[in-house]
Amino acid sequence: MPVRPGSYLTKSWPAMHELSVCYALVEQAEAIARQRKARVVRLLLHIGPLSGVEAGLLRRAFPLASAGSACEGAALDIEDAPVSVHCPECKKSSVVAANKLICPACGNWRTSLESGDEMVLQSVELEAWAGGGDVLSSPA
Amino acid sequence: MCDTCGCNVTPGNQHLVEPGGKFSHSASGRESVEVLQNLLSENDHQASHNRQHFARHQVLALNLMSSPGAGKTSLLEATIKALKGELNIAVIEGDLETENDARRIRECGVPAVQITTGSACHLDAHMVHDALHQLPLDDVDILFIENVGNLVCPASFDLGQHRNIALLSVPEGDDKPAKYPVMFRSADAVLISKTDLLQVLPEFSVARAEASLRGLASQVPCLSVHTRSSSGIQPWLDWLHSQLAELKDSRQRGDLSNFTSVPEHGHVLMHPHLQQVTPLDDEL
């Protein structure tokens, strides 16, 4: 019998997984906002080209994904992470293209990725609900 | 997430929360909360739950990804035929529509569940979990998850699989790894499929395809296969046996740390507190 997806079907959009990612982001931020009885005013993400997520598409999907949530109207800031590899042979670290992870210094292809595949919700900036200022008691 | 003891502040992000840093203050009633969670943490959580299912039932779970038409289902048909009587196989099929692939697999005599994603371009861990409950996992040695044909989106979603396999068929061209680095970097094995067509498609060079893969600093096996003769998938069958043996060995040692295929989320600044695994909450 075929599995008909439930909630995730309604949360899917043709050929754009960034919307799924965006819904996940909104849910994560909402959970934090609920906990602190606040609304989200700013989100900071850290995204590398090798995460498979496109920052521009995330920005476009965000207003749709956040409509009616505690994140509606929040600023979405995305910091790019550079693609950086470390070479175990010549011990050098280099910033490289996403599809060329070879050590540019010595040509060794057995490098290890230092950064570039991140897809991280770094922080959430919250604002108290009107009249609810007392809930913001935890340290920044 | 641990946002009580401050342990999620690492040397890498400390500058953001130090005095004068981007998120240091709470001017005008605002506060900033460090999160440092993968954007797909909910999916990843479900994926680790799926992994517990696989562990409990001693199943090797393999996620097959490729372009549409690269030969995933044909490979599975040939694999099932070759391993009949030796290993028990089950398959989860992902497609936007139709039961066609699951039907093909069932005709080979093994259980198959079709996930029709509607318009979604990838499988996620929740969809796979629903399908797991429709399979007799106790009697299964290898579970193949045939992902939606797509070289982009499936690479970003951990399903709980032990290994990712990417197929690159000869008609597609030998520069696909350079064009789709995220997908091919996520693979634990790359199969050059339909190599029986090499004689009529001399523009495809297996050596160039492998060089394109190595350009992504990938050290994984690159195996040539075709399903036109029984010996055409032998390198793939050998690889499958090696993975089963390795998984068995890892389980005996009680250390499966090298048996989770989640390379895409490698640099998430994961902290133990951020990755707590909660107990299974449903019937296994």
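Over all chains of this predicted model, the count comes to two aromatic pairs, where Phe, Tyr and Trp rings (for Trp, the six-membered one) pair if their centres lie within 6.5 Å, with planes under 30 degrees apart called stacked, over 60 edge-to-face and the rest tilted. Phe144(B) and Trp236(B) make a tilted pair, since their ring centres are 6.1 Å apart and the planes sit at 40°. Phe144(B) belongs to strand E5 (residues 142-146) of chain B and Trp236(B) to helix H9 (residues 234-253) of chain B, so the pair ties together parts 92 residues apart in sequence; helices (H or I, at least four residues) and strands (E, at least two) are DSSP runs numbered from the N terminus. The Trp236(B) and Trp239(B) rings, with centres 5.8 Å apart and planes at 15°, are stacked. Both of these Trp residues are buried, that is, under 20% relative accessible area, with exposed meaning over 50% and partly exposed in between (1.4 Å probe, protein chains only).

As for nonpolar cores (buried Ala, Val, Leu, Ile, Met, Phe, Trp, Tyr and Cys residues joined through side-chain atoms within 4.5 Å), the largest has 34 residues, with Phe62(A) and Leu39(B) among those with the most contacts inside it. H2(A) gives the largest share of this core, nine residues. Beyond its neighbours within four places in sequence, Phe62(A) is in contact (heavy atoms within 4.5 Å) with residues including Cys22(A), Leu43(A) and Leu76(A).

Residues are numbered from 1 along each chain as its sequence is written, and chains are lettered from A and ligands numbered from 1 in the order written. Local features need pLDDT of at least 70 and side-chain atom pairs count only at pLDDT 80 or more, while totals for chains, interfaces and linings use all residues; side-chain values use heavy atoms, leaving out hydrogens and water.
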